[in-house]
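Here are my notes on the model you sent.

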Amino acid sequence: MSSVTVRVPAKVNVQLSVGPLREDGFHDLVNVFHAVSIFDEVVAREARSITVSVTGGWAAEVPLHDGNLAVRAARALAARAGLDRGAELVIHKTIPVAGGMAGGSADAAAALVACDELWGLGLPREELMEIGAELGSDVPFSLMGGTALGTGRGERLAPLSVGGPFHWVFAVADTGLSTAHVYKECDRLREGAPVPEPRPDAALLAALRDGDAAELGRRLANDLEPAALALHPPLADTLRAGRDAGALGAIVSGSGATCAFLAGDAAHAAELARALATTPGTRAAVVAEGPAPGATLV
C-alpha cells in the first residue's frame, strides 16, 4: 500500500474538572470528552524517512519538525514495532491550532492509524492507544472518538452512552493559548485555596445519555475557564455574545482559546454561528455535531 488517508475529529470537553497539582507536575482530571464533526485528514505515503507537511488555513501555525506530534507518533510507532521505516505525512488542517480542541493530538492519532496501515502492522487499537497516551493525554480519545469519561491525566477512558446528536457552534479566537500556560495560571489562581478531588457530574452524564441539550447546556463546566479568561480577557465577551444570542450553554473549550456554544438543533446552530461570526476577536464561527467517530481510515 503506497498511500493511506485517515480522518480524525476535534473534541470539546463538556466537563473538565481539575484536581490538585500532583508531585509529578500533572493533575488528576475528570474529563468528559465529546468528539465533534470538525476533522483533520492525515495522508501517509511510503518514504525513506518520516517527514510532515501541512495544508489548510492553519498550516502556518503548525510545527514541521520534532515539535510536530504526528511526526513523534510515527516515530514512536516505528520504535514500538522495531522497524526502520519512513512515511511522508501530509496534514490537511481544519481543527484550530492552540484552540483547546486537541488538534495536535488528533493528528498524532491519525498518524498512528495511518502508519499502522501503511506499514502493515495490524496492531490492535488498544496498543495504539497505549502509544498515544505516552505522547499526550488527549491522543487516546482522538483514537476512540464518540463521548467518553477520561480519568487520570485524561488518558484512562470509559465510553459513555449518548442520546444525541448535539449541535454546536465553535467561535475560533484570533489568537491561541498554550495548554501549559493555562494550567500554570489555573494553579496560580487557586494557590492557597482547597482544591477538591474531581468527580463526574451525574446530572451531566444523564443529560448526555438522554440527549437533553437544554440540561447539558446548564451543566457545562470547565475548571480551566477562569485561567483562560485571565490570560485572554476578550473571551469573556465572546461567551457573553453567545449567551445573548440564545445559546443553551457556553464554555471555553479545554484550555482555549476556542469557545463552544450548545444549540438546540441545526437551525439554531446556524443562527448562533451568524451572530458569533461578527464578534470582535473571533476568527471564524464553525457549526458542528457530536458525537463523531474517532480516527478512521477513509
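1. A disulfide here is a pair of cysteine sulfur atoms within 2.5 Å. By that criterion the structure, which is a predicted model, holds 0 disulfides. C259 is in no disulfide, and the cysteine sulfur nearest to that of C259 belongs to C186, 17 Å away.

2. C259 has a relative accessibility of 0% and counts as buried. C115 likewise has a relative accessible area of 0% and is buried. The cut-off that applies to both is under 20% relative accessible area.

3. G103 belongs to helix α2, which covers residues 103–118. Its relative accessibility is 6%, so G103 counts as buried, the limit being under 20%. Apart from neighbours within four places in sequence, the residues in contact with G103 are D40, K93, I95 and P96.

4. H268 is part of helix α10, residues 266–276. Is H268 buried or exposed? With a relative accessible area of 15%, H268 is buried, because the threshold is under 20%. A polar atom of the H268 side chain lies 2.8 Å from the backbone nitrogen of G264. Setting aside neighbours within four places in sequence, H268 is in contact with A245, G246, A247, L248 and A263.

5. On the fold as a whole, the chain has 10 helices and 12 strands. The radius of gyration is 19 Å, close to the 19 Å that the globule rule gives for 298 residues, so the chain is as compact as a globular protein of that length. Along the principal axes, the C-alpha atoms fill a box of roughly 55 × 45 × 35 Å.

6. Of the 298 residues of the chain, 52% count as buried. Among contacts in the chain with a separation of 6 or more, 77% come from residues 24 or more positions apart.

7. Last, the surface. The chain has an accessible surface of about 12,300 Å². Carbon and sulfur atoms account for 51% of that area.

Notes:
Residues are numbered from 1 along each chain as its sequence is written. This is a predicted model: local features need pLDDT of at least 70, side-chain atom pairs count only at pLDDT 80 or more; totals for chains, interfaces and linings use all residues. Side-chain values use heavy atoms; hydrogens and water are left out. Buried means under 20% relative accessible area, exposed over 50%, partly exposed in between (1.4 Å probe, protein chains only). Helices (H or I, at least four residues) and strands (E, at least two) are DSSP runs, numbered from the N terminus. Contact means heavy atoms within 4.5 Å. A polar contact is a pair of N or O atoms within 3.5 Å; within protein, one must be able to donate a hydrogen and the other to accept it, and residues adjacent in sequence count only if both atoms are side-chain atoms. The radius of gyration is taken over C-alpha atoms; the globule rule is 2.2 Å times the number of residues to the power 0.38. Accessible areas come from the Shrake-Rupley method with a 1.4 Å probe; for residues, only the protein chains shown count as cover.
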